[in-house]
Amino acid sequence: MSATPLPEFTRARCDSGDATTTAPPELRADSVVVLERPPDSGAGAPVPVLVIVVECQRRPDERKRFSWPAYVANLRARLECPTVLLVLSPNRAVAQWCAAPIDLGWGSLVHRPVVLSLTDLAPVTDPGQACAEPELAILAAIVHHASDPAVLDALLPAIDSLAPAKGTLYADYVLAVLPAAARKYLEDAVTTGTYEFKSDLFGRVFAEGKAEGRAEGEANSVLLILETRGITVPDHVRHRITSCTDLDQLATWVRRALTVTTAEELFS
C-alpha cells in the first residue's frame, strides 16, 4: 500500500477514545424507511433487513457531506442492518453534486449516496398506471406538466383512486405546488365534467381551490380600490379582508370601497 502524506498541521494532541457524545447535535433525516421480515423463530419482533434514509436536496450544501454519513452510521448501529442513503434532487445538476463520493478520510472509507433526479422520472400518462401508482403519477405530473399535459389527465384518476383522507391531502398538495396554468387545466376538467370523480370529495377539493383563488382576487380588488382612493388600511382591516372566503361578502365590500371614507366603514 502506498504511503499517504499527512496534511499540514502545527501540533498533535491526544483525545478521549470514547466515541459517544453527552450532548450530540440534532441529526434528523427527512424520512427513514425500514424494510423488515418476520423473525426466524416465527415469534417476536420483525427483523430489519434494510434501512433507507431519504433526503430531499434542492441545492448544494457542503454541510450535508458531514451529516449524511452520520445518518447512515447512526441508524446502522441502532438497527444493526445494511443502511443506504437515497437523495432526491430537483434536477440533474444538483443530482450530480449529491452523487459525488464522500471521502471520510484518506480514501479508506468512502460513502456513496444513491441519487434520484426528479427530472429522470418518466411521464405517467396512462390512467391505469396512474391508479396503480398514484404517488408516482403525482410526482410525474409536478415534473412534466409543462411538457406533457397528458400527465394532468392521468393525475385526476390517480387522486380519485386514493382513500379520501390521503386523496384530499394530495389534492391540496398538487394545488399548492402546480403553477396557475396547470391548476386551471385541472379545475376546468372538474367543473366542465371532463372527468367525473367517483366521490364528490375530490371534485370539491379542486372546486374549493378555484373558489379560494376567486376570493383572493376579490380581496385584492377591495384593497386596490381603497389604496387608489388614498384611504389608509390598518393591519387588522387588511387581515379581515384577506382572510375572508365569502364571495358575496367580498362583493359587498368591493361596492362599499368605492364610497367609504375610512377602511373601517366597510364593515358598517
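**Ground rules.** I number residues from 1 along each chain as its sequence is written, and side-chain values use heavy atoms, with hydrogens and water left out. Because the model is predicted, local features need pLDDT of at least 70 and side-chain atom pairs count only at pLDDT 80 or more, while totals for chains, interfaces and linings use all residues.

**Overview.** I looked up the secondary structure and found ten helices and six strands; these are DSSP runs numbered from the N terminus, helices being H or I with at least four residues and strands E with at least two. Of the 268 residues, 32% count as buried, meaning under 20% relative accessible area with a 1.4 Å probe, protein chains only. I then checked contacts (heavy atoms within 4.5 Å). Among those with a separation of 6 or more, 62% come from residues 24 or more positions apart.

**α4 and α6.** Next I took helix α4 (residues 134-144) against helix α6 (residues 164-177): the angle is about 10° and the axes lie 11 Å apart. I note that axes are lines fitted to C-alpha atoms, for helices over the stretch in contact, and that angles run from 0 to 180 degrees between N-to-C directions. That makes α4 roughly parallel to α6; angles under 35 degrees count as roughly parallel, over 145 as roughly antiparallel, 65 to 115 as roughly perpendicular and the rest as oblique. From α4, E135, I138 and I142 meet K166, Y170, Y173, V174 and V177 of α6. I sorted the residues of this contact into six nonpolar, no polar and two charged, where nonpolar is Ala, Val, Leu, Ile, Met, Phe, Trp, Tyr, Cys and Pro, charged is Asp, Glu, Lys and Arg, and polar is the others, Gly among them.

**α5 and α7.** Helix α5 (residues 150-160) packs on helix α7 (residues 180-191) at about 55°, with axes 10 Å apart. The two are therefore oblique to each other. On the α5 side I listed L152, D153, L155 and L156, which meet A182, Y185, L186 and A189 in α7. That contact divides into seven nonpolar, no polar and one charged.

**The core.** Which residues have the most contacts inside the largest nonpolar core? I found V222, L226, I241, L250, W253, A257 and L266, in a core of 18 residues. Such a core is a set of buried Ala, Val, Leu, Ile, Met, Phe, Trp, Tyr and Cys residues joined through side-chain atoms within 4.5 Å. At least two residues each come from α8 (200-228), α9 (235-242) and α10 (247-257), and α8 gives the most, with six. I finished on L266: leaving aside neighbours within four places in sequence, L266 is in contact with V222, L226, I241, W253, R256, A257 and V260.

Definitions and conventions: Buried means under 20% relative accessible area, exposed over 50%, partly exposed in between (1.4 Å probe, protein chains only).
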